[in-house]
Amino acid sequence: MTPPAVTLLDVARAAGVSKSTVSDALQGSGRVAAATRDRVRAVAEELGYRPNSAARRLRRSSTGAVGLHLPQTATRLDYYMNLAFGAVQRAQEEGLDVVLLAPAGAASGPLASRVDGLLVIDPEVGDSAVPGLLDAGVPVVTGERYLGPSPAPTGAVVCDNAASLTALLDHVRDRGARRPALVAPEGTSAWAQALRETAAGWGAAHRTEVALHTVPFAATAADIEAATRRLLATDPGIDAVLCAPDGAAPGALRAAADLGRTVGADLLVASCVDGTANRSANPPVTAVDLRPADYGRACAALLCDILAGRAEPDTVRHHTWVLETRPSTTGPDA
């Protein structure tokens with residue numbers, strides 16, 4: 001296996017200086033003391049550092065940083081934290097820092113002077129910061145499409161969310177469910193809209209209405225527990241509950257247990273987003289693994305490629321997902 005390339009950050013850590021000092025020392029720019037410059041160059045040579053020529057040309061007239069904008073509710077969600085870690089890791093491989101932008105966003109002028117490009121994840125039409133970010137004067141890559149009227153992003157990385165929910169619905173139907181319900185997110189993100197529309201389309205195709213209950217985008221397990229209780233009280237014939245919000249499916253398990261339903265037998269439970277809460281639940285919950293760390297890497301990779309001239313503007317790349325089946329739908333003996 002080819003070892004990973006040595007980055008500016010590796011040199012900075014080994015030399016005990018900042019990454020900007022390493023960049024200045026290697027390029028002969030900035031106010032770097034001669035002794036520091038010599039030490040940095042010696043460390044770089046010892047580690048086998050080889051500068052990326054495209055990134056080097058870019059950073060001669062750039063900030064060496066990209067901005068990351070996440071949904072306002074993202075700070076407590078496992079999915080977005082893993083996505084952010086993946087984006088940071090990929091950007092660092094290119095020698096770029098990642099600046100996490102405040103939820104309120106920033107004015108286009110100052111922002112364009114602080115970063116070379118932007119990653120905007122799950123942009124919602126109702127997020128007042130998004131139009132300014134898309135019009136900030138730097139390349140913008142979105143994670144999922146933006147459905148609003150603002151300028152289109154420079155590039156996008158998208159998941160086939162309709163296909164992932166269809167796979168979940170097909171799975172529970174194959175396991176015997178005939179009256180599924182979807183606890184879907186409110187809001188105007190492409191993900192939320194795709195889930196609601198797909199549930200309606202799947203139900204029409206199978207001549208089986210998918211009971212729909214909406215909750216906040218970042219609903220908690222307690223929110224899902226309450227929603228599941230309402231669904232089952234209103235329609236005891238519901239035999240599968242699909243939960244959209246990240247980490248909230250264990251709430252459906254608690255509601256089922258309290259109501260005397262057996263998960264994996266007379267009630268199937270699944271999640272549209274996988275994570276630690278699903279894997280460690282009792283029973284473990286079937287879920288769509290959206291591979292968030294890899295998704296973050298893919299978004300950062302596209303932005304880096306656009307900045308370095310390796311990808312054309314208007315590029316759209318597709319990210320794959322995996323359906324992980326577990327005892328909450330297959331039963332303990334499957």
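**Entry 1: the chain as a whole**

I began with the contacts in the protein chain between residues at least 6 apart in sequence: 70% of them join residues at least 24 apart. I note that this is a predicted model. I then listed the secondary structure and found 14 helices and 12 strands in the protein chain. Along the principal axes, the C-alpha atoms fill a box of roughly 75 × 45 × 30 Å. I looked up burial next: of the 334 residues in the protein chain, 52% are buried. For the accessible surface I have about 14,700 Å², with 51% of that area belonging to carbon and sulfur atoms.

**Entry 2: cavities**

I wanted to know where empty space is left, which rolling a probe the size of a water molecule over the atoms shows. How many cavities of 30 Å³ or more does a search of the whole structure find? The search returned one. I put down about 120 Å³ as the space in the largest cavity. Its lining consists of 13 residues, and those closest to its centre are Y79, Y80, D122, W191 and V273. I sorted the lining by class and got nine nonpolar residues, three charged and one polar.

**Entry 3: helix 11**

I turned to helix 11, which spans residues 249–258. Is helix 11 mostly covered or mostly uncovered? I recorded it as mostly covered, since seven of its 10 residues are buried, and buried here means under 20% relative accessible area. I listed the buried ones as A249, P250, G251, A252, L253, A255 and A256.

**Entry 4: P292**

My last stop was P292, which I found in helix 13 (residues 292–307). Why does P292 count as buried? Its relative accessible area is 14%, and the cut-off for buried is under 20%, so P292 qualifies. Which residues does P292 touch, leaving aside its neighbours within four places in sequence? I found contacts with Y79, N82 and L83. Y79 was already in my notes, as one of the residues closest to the centre of the largest cavity. I also took one distance: P292 and W321 lie 29 residues apart in sequence, and their C-alpha atoms are 9.3 Å apart in space.

Conventions:
Residues numbered from 1 in each chain as written. Predicted model: local features only at pLDDT ≥ 70, side-chain atom pairs only at ≥ 80, totals over all residues. Heavy atoms only, no water. 1 Å grid on protein atoms, 1.4 Å probe; cavity = no way out; pocket = protein on both sides within 12 Å on 5 of 7 lines; lining within 4 Å. Points joined across faces, edges and corners; volume = space filled by probe spheres on them. Nonpolar A, V, L, I, M, F, W, Y, C, P; charged D, E, K, R; others polar. Buried < 20%, exposed > 50% of the residue type's maximum accessible area, 1.4 Å probe, protein only. Helix = DSSP H or I, 4+ residues; strand = E, 2+ residues; numbered from the N terminus. Contact = heavy atoms within 4.5 Å. Areas by Shrake-Rupley, 256 points an atom, 1.4 Å probe, with all protein chains shown as cover.
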